[in-house]
Amino acid sequence: MINREWPMYRVVLENHQLLPLLPRFDLKMGFGELSVDEVCRSHGVNTDFFLEIANAYLDELYVPGEGLSLFSLSTMVSYIKSTHKYYIDIALPMVEEKINRLMSHSALSKKEINLVTTFFNDYKKDFMAHLSQEEENILPYVLELERQSALNEPEPEFIQKLRNYSIREFEKEHERLEISLKHLYELIIKYLPPFEDLQLCHQVLNDLAALMKDLVDHADVEDKVLIPRVADLEVLVLSRTSPV
Amino acid sequence: MRKATFILHIDSYIIRLGIVSILNRIQGMHVLKEFKANESFISFLEKHPVDYIIIDQAGFDRLVDLYILKPELLELTILLKNSSLEDSNEGVPQGDIPTTLYLTDEKEIIVQTLQNLLHHQDDSPIKNSSEDLSPRETTIVRLVSMGLTNRQIAEKLFLSAHTVMTHRKNINSKLGIKSVSGLTIFAIVNNIITIEEVSSLP
């Protein structure tokens, strides 16, 4: 478990898996001897929230739960948004560029190359659609719910909306984005002919594996923390209003 | 494939090691953590969902307060006892424990008891496995992977276009895959179609 007093450089030195988390919190390197707490503070990041996410990230067995319920929904929403940004700006383009390079230097048939590149393009489209559905509908709804819950009397229009909608509906259709990547991984190691450029091939597989793990963790944060908390808050807000 | 996760709470090193080694030989069984003391056991349980707890009688007796507080844990508990002759202590609600293992049990009985646990596991709807598809849906996934349009599939299978659309929608929601290319790769890795067949398409 990472501790707030530890020097940040040591934390990252010993846990390279944390690298993808840094841009999400907008933590710039060049940590010097600053502690985790000092680095977080100087970047305007809630240290406890960072620790909770980082420890969850490192512990394979950890399922985010009670620890995260200490933080406001808006803190979680902004973390979810920056994670999305990390996927779109860094993780996806990085693996895409490598896949394209791997394909263009391979002995694969045109048809096989086409299969992979089309697959990744379509995957990217679905991925973007998934994220923008969350950013345009779900996350604003969560923020609005939190705002309304803080009011003495929630606004009638919002109550009306709440009577007809629950975050549980979103939960039902919340798709797992890592699964198609797993298929691609399996395709490469099992079905496609071997690649000449082993180094690049391993990089692609490593990137895919890291992204899959990241997506699983991220979906856990949404499904096991965000949605239950939002659902509880929906009930609470509704219970404070008189029935029609 | 069914899976079950275990945590062990057993004082004796030899017995603990023995149980781990038995579990490791059964496919789908996974030991998350071993404990001999109580403190970290409780905090581990709070953060990590497990399917089963294997606990010895001494540990169970020490943790009786926890079990009274959280009776739902009894359903996950497998009590490890010295022999079937040993009688339960009073005050401990052992009647609610569905499974007991005895150190004196023969190998077959122990393995059978553990394997039965896997069958009790709910078949939770894990998305994206080809087993979830009906034979008809599998056929349609295959035809989609061969590049056929919905209309062509309808003609080939003597179905209405509307029926094919319904199948496609069900496939999408079962697998969480929308695109033709996604379905094609799914079909390859699930042996619904071979990569050679896909590659040889015009």
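Q: What area is buried between chain A and chain B?
A: In this predicted model, about 2,200 Å² is buried between chain A and chain B. Carbon and sulfur atoms give 63% of that area.

Q: And how many residues does the contact take from chain A and from chain B?
A: Chain A gives 22 residues to the contact, and chain B gives 25 residues.

Q: How many salt bridges does the rule find across the interface?
A: The rule finds 1 salt bridge between chain A and chain B.

Q: Which side chains meet in it, then?
A: The side chains of A:Glu175 and B:Lys178 do, with 3.4 Å from N to O.

Q: Which helices of chain A each supply at least two residues of the side that touches chain B?
A: These are α6, spanning 110-150, and α9, spanning 178-191.

Q: How does that side of chain A divide by class?
A: The side of chain A that touches chain B has 11 nonpolar residues, 4 polar residues and 7 charged residues.

Q: Back to pairs: how many are in polar contact across the interface?
A: There are 6 residue pairs in polar contact between chain A and chain B, with both residues at pLDDT 80 or more.

Q: Changing topic, what is the mean pLDDT of chain B?
A: The mean is 84, and 86% of the residues of chain B reach 70 or more.

Q: Where in chain B is the pLDDT below 50?
A: The pLDDT is below 50 over residues 122-127 of chain B. In the model, this stretch has 7 contacts beyond near neighbours in sequence.

Q: What ipTM and pTM does the predictor give the complex?
A: The complex has an ipTM of 0.80 and a pTM of 0.72 from the predictor.

Notes
Residues are numbered from 1 along each chain as its sequence is written. Chains are lettered from A and ligands numbered from 1 in the order in which they are written. Side-chain values use heavy atoms; hydrogens and water are left out. Contact means heavy atoms within 4.5 Å. Buried area is the accessible area (1.4 Å probe) that two parts lose on being put together, summed over both. A salt bridge is a side-chain nitrogen of Lys or Arg within 4 Å of a carboxyl oxygen of Asp or Glu. A polar contact is a pair of N or O atoms within 3.5 Å; within protein, one must be able to donate a hydrogen and the other to accept it, and residues adjacent in sequence count only if both atoms are side-chain atoms. Helices (H or I, at least four residues) and strands (E, at least two) are DSSP runs, numbered from the N terminus. Ala, Val, Leu, Ile, Met, Phe, Trp, Tyr, Cys and Pro count as nonpolar, Asp, Glu, Lys and Arg as charged, and the others, Gly among them, as polar. pLDDT is the predictor's confidence in each residue, from 0 to 100.
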